Amino acid sequence: MQLTLVVPELIWPEPDDRHTLDALRCPGLTTLIARSRLRRRPPQSLEATLADTFGLSENVPYAAFRLLGEASAPTAADACWLCADPVHLRLHQERLILADGGSLGIALDEAREIAGELGRQFADIGRFHVATADRWYLQLAGDPDLGHFDVLPLSAVAGRRLGRQLPETPQARALRQLLNEVQMVLHGLPANQRRDNDGRPTINSLWLWGAGVLPAARAVDFTGIWSSNPLARGIGRAFGVPVQALPDNAAELLSRLARATRAPAGSRQLLVLDALQGPVQYEDADAYRDALHELEERWFAPLQRDLARGRIKRLQLHAPTAYATLAWESRCSEQWQLWRRPLPLAATAQTLARGEG
C-alpha cells in the first residue's frame, strides 16, 4: 500500500522565530523526513498542489471541482462556475489586506441573505449558490469565454496584501465591472449595516477565482481519498475515486483499509491534512504548535512506525510552504537508514530558507 499525504504549511514560515520553532518536538515527523528523498519546486497553493497530484494542468476549474465536493451542490456539470467567496478588504499602509470568510464569523442565514440579494440584483449575470457560510459560488449565464483566468486561490491571499483581484484581460472585463457593482451593493445591504453596528468587519467584496467547467472523467492513480477538503473530495468524485471523511488517526485509517475489499495490496490512498493552513495564514503560532503536535500524535509518528515496519510500502509527503513546494518520499527500507539523523524543525526551516535541502 502507498500513502500520499498533502499537508499545507507544514513548516512555520519564519525561520528565525525560535520561540515558535524551538518548542516543537515532533520525532515522528523529523525522522520521516530525515530518511526520505526531498524534491523542491517553487512555492504554490494547496489547490495547485492538489491539482498537480492529479495531473491537472493550467486553468484548472477549481470552482467546479470544489462545488462537486460540497455536501449539497446544484447539478450543472456543463456550467461555468466561479468561487465567489465572501471577504473583507481593508486598507493598511496604502495596501489592501484581505480577510477570508472563515475569519469573519459569518452565520449561514446571513450568508444566504446576502447572496440572495446579490442573486436578485445580478440575475442576468448568473446565479449564486451558498454551500457554507464562507464558501459561495457563481454560475455564470451563457457560455462565457474567460480566457486564461489567472486568479490565485483564496488560500494564497488570505491575511496577505493584495495586488489585484481580477486579471486585466479583455475576457475578464465584464467580471471586473460586476465586481465593482457587487461591492457597491454590499455596502448598502442591511446585513452589512448590522455587522458594522455590532463592530464586526463587513463583507465588502467577493473573491472570484477558479473559473471553468468540469472536464470529462478520466482514470487517475488513486484508489481512495480521505479528506474533509471540498476541492480534494470534488476532484475524487469527478474522476470516480471513492471519497471518505478523514479518520481520527492513522490506526483507524489502516484498520479500515485492511477491512475494505476495495483497497487491495498496492492501492494508492490520498490524505489531505490541512489543519496547519489557517494558523499560518493568520500568524497564530500557538494554534500552529497545537495543530502540529496533534498531527504528530495522530498521524506522523504512527505512520513513520508503520512505514518502518512494512505495513506501508511507500509514503509521499507533499507540503506547499512559503519556502517551496516540498515533496518527501520514502520506502520502508529507507526508514532503517539510522545514519540519517533527524534534525529539529528549527534547523529544517533554516536549511529551507537558505534554499538548501
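View 1. Arg-289 is buried, with a relative accessible area of 13%; buried means under 20% relative accessible area, exposed over 50%, and partly exposed in between, computed with a 1.4 Å probe on protein chains only. The model is predicted: local features need pLDDT of at least 70, and side-chain atom pairs count only at pLDDT 80 or more, while totals for chains, interfaces and linings use all residues. Residues are numbered from 1 along each chain as its sequence is written, and side-chain values use heavy atoms, with hydrogens and water left out. The side chain of Arg-289 meets that of Asp-286 in a salt bridge at 2.3 Å, N to O. A salt bridge is a side-chain nitrogen of Lys or Arg within 4 Å of a carboxyl oxygen of Asp or Glu. Asp-286 is partly exposed, at 45% relative accessible area. Arg-289 and Asp-286 are 3 residues apart in helix α11 (residues 285-309), so about one helical turn separates them. Helices (H or I, at least four residues) and strands (E, at least two) are DSSP runs, numbered from the N terminus.

View 2. In one of them, the side chains of Glu-334 and Arg-37 meet at 2.8 Å, N to O. Glu-334 lies in the loop between β13 (325-331) and α12 (345-353), and Arg-37 lies in strand β2 (residues 37-41), 297 residues apart. Glu-334 is buried, with a relative accessible area of 11%, whereas Arg-37 is partly exposed at 39%. Side chains of opposite charge can pair when their charged atoms come close.

**View 3. The surroundings of Arg-200.** Arg-200 lies in the loop between α7 and β8 (205-212). At 30% relative accessibility, Arg-200 counts as partly exposed. The side chains of Arg-200 and Asp-198 meet in a salt bridge at 3.7 Å, N to O, and Asp-198 counts as exposed at 56% relative accessibility. Leaving aside neighbours within four places in sequence, Arg-200 is in contact (heavy atoms within 4.5 Å) with Gly-105, Glu-110 and Arg-195. Gly-105 is 95 residues away along the chain, and its C-alpha atom is separated from that of Arg-200 by 8.7 Å.

**View 4. Helices α5 and α7.** Helix α5 (residues 108-121) and helix α7 (residues 190-197) pack at an angle of about 135°, with their axes 9 Å apart. Axes are lines fitted to C-alpha atoms, for helices over the stretch in contact, and angles run from 0 to 180 degrees between N-to-C directions. The angle makes α5 oblique to α7; under 35 degrees counts as roughly parallel, over 145 as roughly antiparallel, 65 to 115 as roughly perpendicular, and the rest as oblique. Glu-110, Glu-113 and Ile-114 in α5 meet Pro-190, Ala-191, Arg-194 and Arg-195 in α7. By class, this contact has 3 nonpolar, no polar and 4 charged residues.  Ala, Val, Leu, Ile, Met, Phe, Trp, Tyr, Cys and Pro count as nonpolar, Asp, Glu, Lys and Arg as charged, and the others, Gly among them, as polar.

**View 5. Two nonpolar cores.** The largest nonpolar core has 71 residues, and those with the most contacts inside it are Phe-54, Leu-98, Leu-118, Leu-175, Leu-206 and Trp-207. Strand β3 (residues 80-92) gives the most to this core, with 7 residues. A second, separate core of 43 residues includes Leu-5, Leu-21, Ile-33 and Leu-271. A nonpolar core is a set of buried Ala, Val, Leu, Ile, Met, Phe, Trp, Tyr and Cys residues joined through side-chain atoms within 4.5 Å. Leaving aside neighbours within four places in sequence, the contacts of Leu-206 include Ala-84, Val-87, Leu-118, Phe-128 and Trp-136.

**View 6. Helices α2 and α12.** Helix α2 (residues 27-34) is mostly covered, with 7 of its 8 residues buried. What covers these buried residues includes α11, β12 (314-320), β13 and α12. In α12, the buried residues are Leu-345, Ala-346, Thr-348, Ala-349, Thr-351 and Leu-352. They pack against α1 (18-21), α2, β2, α11 and β13. Just after α12, Gly-355 takes a positive phi of about 80°.
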